[in-house]
Amino acid sequence: EWDRWLLMGLIGTAVGLLGFLTHQIIDSLIKLKWDLMENYLQVSKRNGQDGNIHMTWLCALGSGLAIVVLSSGSVLFFCPAGSPAGLPEIIGYLNGTCIHHLFNIKTFLGTFVSCVLAVASGLFCAPEGPMIHLGALLGCGLSQLQLDTLGIHLPIFTRFRNSADKRSFITAGAGAEIALVFRAPIGGLLFTLEEVSSFWDIRLDWQTFFCCLMATFTVDLLSSSLYGFVYRGHFGFFEAEKRIIFWNLLDINVLAFIPTILLRMLGGLLGALFVFLNIKINKLRMQFFNSIPKSSLKKTSKLLETVLILRILFMFCVSPYHFLRVAAAALLVENGKQGITYLFKRGTHEEFGYPSPCTALAFYFILSCWMVGSAVASGLDIPMLYTGALYGRIIGLILVSVFGVQTNEYGAWIDPGLSAAIGAASFVSGMSRLTISLTVIMVSMLS
């Protein structure tokens with residue numbers, strides 16, 4: 001079995017490299033976009049135009065629209081199999097459904113490009129769903145070592161070219177992506193066990209866990225010294241603040257279970273509402289696009305839908321005319337992970353008032369619900385965590401308004417950051433019905 005363990009290690013390392021590359025490119029594109037806007041403002045000031053905020057907004061909108069067109073076009077016209085979120089198709093395949101072109105090289109390239117550009121454009125989406133698909137693609141490709149599209153069949157690992165082993169390596173690749181995204185190897189293993197695959201044995205347990213460990217170690221090792229492809233030193237030094245979002249422990253009072261129960265109920269209700277609305281939106285979307293006779297016009301219409309979503313996002317969330325743009329800027333303009341970090345932060349009882357999270361919650365909930373099912377490779381993990389963290393933060397602010405800022409050890413649990421963390425877990429659970437693996441993932445992230 002040494003070759004199976006070797007292959008699991010190679011898949012984990014490859015998944016770690018791909019995850020590192022994905023996030024580095026996304027961060028670099030976001031930085032480039034905001035640097036261009038900052039330079040434009042400085043040039044405007046030098047020309048005596050006092051910054052010209054309206055032209056800067058149009059510049060940001062134009063760059064975002066260009067990125068969205070490329071993102072949507074890469075899946076509509078290059079690889080139609082890469083347009084869904086990825087995870088449902090992987091689950092379907094691992095449970096016996098045949099889906100054409102799900103594991104070919106065009107799907108890999110198109111999904112990667114679309115995912116990176118969609119997240120960098122500023123749309124309310126995340127790379128996690130497509131990255132699970134990409135991890136499964138790596139598991140399939142490295143275990144089979146054959147490209148039917150290019151007619152390449154390497155004479156290595158030939159004994160794994162059967163459906164059972166192929167499913168095992170695809171499962172490991174998908175779990176490794178979850179592990180590296182949340183830095184939770186055990187969570188990645190439990191996610192595949194709970195959500196992904198129906199065919200399992202104890203041997204696959206240990207091998208998938210090893211694959212998840214290798215993926216997490218690889219991305220941590222590379223991220224320790226590189227940021228935006230620039231070497232920052234400290235190679236191999238894992239800083240806790242960069243790996244754990246909510247990293248200091250908190251004593252809990254039994255009274256904390258009362259708002260926790262409320263947050264659980266909200267998570268279930270809002271999660272069910274999100275799924276219900278998304279199903280209705282997708283039915284209307286399918287009816288509309290199926291009424292268009294020409295294939296080329298149908299694809300163009302799908303591309304224009306993503307452009308419309310970004311236009312609405314900029315109009316309401318980033319527009320210079322929006323009356324809450326200053327208050328909600330840190331929550332709506334920043335990328336999802338940065339926003340979650342703000343919301344989870346301890347000791348910031350009054351940093352966000354009620355208008356900011358309430359406004360952000362309304363826009364984020366509606367636009368992310370519309371976004372799911374559109375013609376870009378995008379995921380839901382970060383939007384789910386973000387939405388839950390927003391209403392969790394609101395509940396925390398209500399507790400602070402009622403009981404005040406507590407500094408004693410018995411009242412330290414009255415912290416909006418803690419409520420945001422519980423709210424994030426409740427919304428993810430309400431939408432996905434994950435329990436055990438989600439608990440492990442959240443504990444790995446938050447403690």
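This is a predicted model: local features need pLDDT of at least 70, side-chain atom pairs count only at pLDDT 80 or more; totals for chains, interfaces and linings use all residues.
The protein chain contains 17 helices and four strands. Of its 447 residues, 51% are buried. When contacts between residues at least 6 apart in sequence are considered, 79% of them join residues at least 24 apart.

Helix α5, formed by residues 128-144, and helix α6, formed by residues 163-182, have axes that come within 7 Å and cross at roughly 140°. Because an angle over 145 degrees would be needed for a roughly antiparallel pair, α5 is classed as oblique to α6. The crossing of α5 past α6 is right-handed. On the α5 side, the contact is made by Glu128, Met131, Ile132, Gly135, Ala136, Gly139, Cys140, Ser143 and Gln144. The α6 side contributes Lys166, Phe169, Ile170, Gly173, Ala174, Glu177, Ile178, Leu180 and Val181. Sorted by class, the residues in the contact of α5 with α6 comprise ten nonpolar, five polar and three charged.

Helix α7 covers residues 185-196, twelve in number. The distance from its first C-alpha to its last is 15 Å, close to the 16 Å expected at 1.5 Å a residue. The buried residues of α7 are Pro185, Gly187, Gly188, Leu189, Leu190, Phe191, Thr192 and Val196.

Thr306 belongs to helix α11, which runs over residues 295-318. Its relative accessibility is 0%, so Thr306 counts as buried, the limit for that class being under 20%. With residues up to four places away in sequence left out, Thr306 touches Val68, Ser72, Leu123, Ser374, Ala375 and Val376. Thr306 and Ala118 are 188 residues apart along the chain, and their C-alpha atoms are separated by 9.6 Å.

Gln338 is part of helix α13, which consists of residues 336-344. The relative accessible area of Gln338 is 32%, and this residue is therefore partly exposed, a class that lies between the limits of 20% and 50%. A separation of 9.8 Å was computed between the C-alpha atoms of Gln338 and Tyr386, which are 48 residues apart along the chain.

Note on methods
Residues are numbered from 1 along each chain as its sequence is written. Side-chain values use heavy atoms; hydrogens and water are left out. Helices (H or I, at least four residues) and strands (E, at least two) are DSSP runs, numbered from the N terminus. The expected span of a helix is 1.5 Å times one less than its number of residues. Buried means under 20% relative accessible area, exposed over 50%, partly exposed in between (1.4 Å probe, protein chains only). Axes are lines fitted to C-alpha atoms, for helices over the stretch in contact, and angles run from 0 to 180 degrees between N-to-C directions. Angles under 35 degrees count as roughly parallel, over 145 as roughly antiparallel, 65 to 115 as roughly perpendicular and the rest as oblique. A crossing is left-handed if the near helix is turned anticlockwise from the far one by less than a right angle, and right-handed if clockwise. Contact means heavy atoms within 4.5 Å. Ala, Val, Leu, Ile, Met, Phe, Trp, Tyr, Cys and Pro count as nonpolar, Asp, Glu, Lys and Arg as charged, and the others, Gly among them, as polar.
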